[in-house]
Amino acid sequence: MRDAGFMARVNDLQYVALAVPDLAAERAFFGTTWGLVEVAEQDGKVYLAAEGSPHPFVIRLREDAERKTELIGFSADGRDVVDAIFAKATAAGAKVIAEPGPAEGPAGGYACRFFDPEGRALEVVCDGTQRAHRTLEKGEAIPLGISHVVFHSPDIKRLQGFYEEVLGFRLSDWIGDFMVFLRCNTAHHRLAILPGPPTLNHIAFDVSSIDEMMRGLARMHENNVTLTWGPGRHTAGNNTFSYFLSPNGNAVEYTSDLEHVDDEDWVPQTFAPTPAITDQWGTGRIIPGNVPHAELSPDKGLWQVPA
Ligand SMILES: [Fe+2]
């Protein structure tokens, strides 16, 4: 039993499931170039984990005619938490995909699924088989784990309210009134929201330090992966960044040094929106014409029950 006053919240971002037209290319990219490790293939879905993370997988890929975000998975630390979050989701009017029960996929566990107010399919999962992960070597420029996702939304405050009230996210910071950073553990953000049509802006992966971020950048360059923004260091979260495009046009980021936040004494601040606010060093602006994300249109996966 939990203490009275127990507040059900997710405790991490666990995975993003993507559908892509060219599965072979995306699989080779995430598995070889980007540095994830393929751990399973089941029912046409390829599961990739991060060497430094206990999560059973951090990316799931499937072939489909169109590129779309299929599912975003958040972990929870017990079945009562999954049940409580599901109850909050239904109370908030969320459209249900799957009631709490056995989780789909090779890692097993217990999960529920529902749509957020803009139609993103979400899963909250616990008790999946955790990986025997390892400590990365110094200089090993591969993901420690998944770091965060950034969404675009036509109604940032409404979406923020949903993720706070239903999934238990907490406000970390704002940039002006156009970008909000939310946390579900001590990492400054596992989710951030920008204006725009409802779609995914990017998926970020933590690497060990700025050295590994730079080494990863060099490896992408050697593999002709398009650098879309960076290298640089953000202001909110204080993390370093380099952004790239996957073969199917998914925006991915290597990041390091993301700030950690103590729930007890963190005071959210609002950074004034200036041209340099997302790039403290200014180095990310050296290459002209870069855009940090793919074209903006509503995600093709909205309101679709994941395959
Ligand atoms: Fe990011």
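This dialogue walks through a predicted model, feature by feature.

Visitor: Start with the fold. How many helices and strands are in the protein chain?

Guide: Secondary structure comes first. The protein chain has four helices and 17 strands. The radius of gyration is 18 Å, close to the 19 Å that the globule rule gives for 307 residues, so the chain is as compact as a globular protein of that length. Along the principal axes, the C-alpha atoms fill a box of roughly 50 × 45 × 40 Å.

Visitor: What share of the 307 residues is buried?

Guide: Buried residues make up 56%. The accessible surface of the chain comes to about 12,500 Å². Carbon and sulfur atoms hold 52% of that surface.

Visitor: And what do the contacts in the chain say about sequence separation?

Guide: Take the contacts with a separation of 6 or more. Of these, 69% join residues 24 or more positions apart.

Visitor: Is H152 buried or exposed?

Guide: Read this from relative accessibility. Buried means under 20%. H152 is at 3%, so H152 counts as buried.

Visitor: Now salt bridges. How many are there by this rule?

Guide: A salt bridge here needs a side-chain nitrogen of Lys or Arg within 4 Å of a carboxyl oxygen of Asp or Glu. The count comes to 20 salt bridges.

Visitor: Which residue forms a salt bridge with R9?

Guide: The partner is D263, with the closest N and O atoms 3.2 Å apart. R9 lies in the segment before β1 and D263 in the loop between β16 (251–256) and β17 (269–271), so the pair ties together parts that are 254 residues apart in sequence. R9 counts as buried at 15% relative accessibility. D263, at 29%, counts as partly exposed.

Visitor: What else surrounds R9?

Guide: Leave aside its neighbours within four places in sequence. R9 is then in contact with residues including V81, I85, L167, R170 and R183. G168 is also among the contacts of R9. A polar atom of the R9 side chain lies 3.2 Å from the backbone oxygen of G168.

Visitor: Which parts of the chain does the R27 and E41 pair tie together?

Guide: The side chains of R27 and E41 meet in a salt bridge at 2.7 Å, N to O. R27 lies in helix α1 (residues 23–33) and E41 in strand β2 (residues 37–42), so the pair ties together parts that are 14 residues apart in sequence. R27 is partly exposed, with a relative accessible area of 23%.

Visitor: Which residues are linked in a network of salt bridges?

Guide: Salt bridges can share residues. K45, R60, R62, D64, K68, E70, E104, R113 and E123 are linked in a network. Within it, the side chains of R113 and E104 meet at 3.9 Å, N to O. R113 counts as buried at 9% relative accessibility, whereas E104 is partly exposed at 38%.

Visitor: Last, the surface. Which residues form a nonpolar patch?

Guide: I210, M214 and W281 form a nonpolar patch on the surface. Together these residues have about 250 Å² of accessible area. M214 belongs to helix α4, residues 210–222. M214 is partly exposed, with a relative accessible area of 38%.

Terms used:
Residues are numbered from 1 along each chain as its sequence is written. This is a predicted model: local features need pLDDT of at least 70, side-chain atom pairs count only at pLDDT 80 or more; totals for chains, interfaces and linings use all residues. Side-chain values use heavy atoms; hydrogens and water are left out. Patches are made of residues with over 30% relative accessible area and no salt bridge: like charges are joined within 9 Å, nonpolar side chains (Val, Leu, Ile, Met, Phe, Trp, Tyr) within 5 Å. Accessible areas come from the Shrake-Rupley method with a 1.4 Å probe; for residues, only the protein chains shown count as cover. Helices (H or I, at least four residues) and strands (E, at least two) are DSSP runs, numbered from the N terminus. Buried means under 20% relative accessible area, exposed over 50%, partly exposed in between (1.4 Å probe, protein chains only). The radius of gyration is taken over C-alpha atoms; the globule rule is 2.2 Å times the number of residues to the power 0.38. Contact means heavy atoms within 4.5 Å. A polar contact is a pair of N or O atoms within 3.5 Å; within protein, one must be able to donate a hydrogen and the other to accept it, and residues adjacent in sequence count only if both atoms are side-chain atoms.
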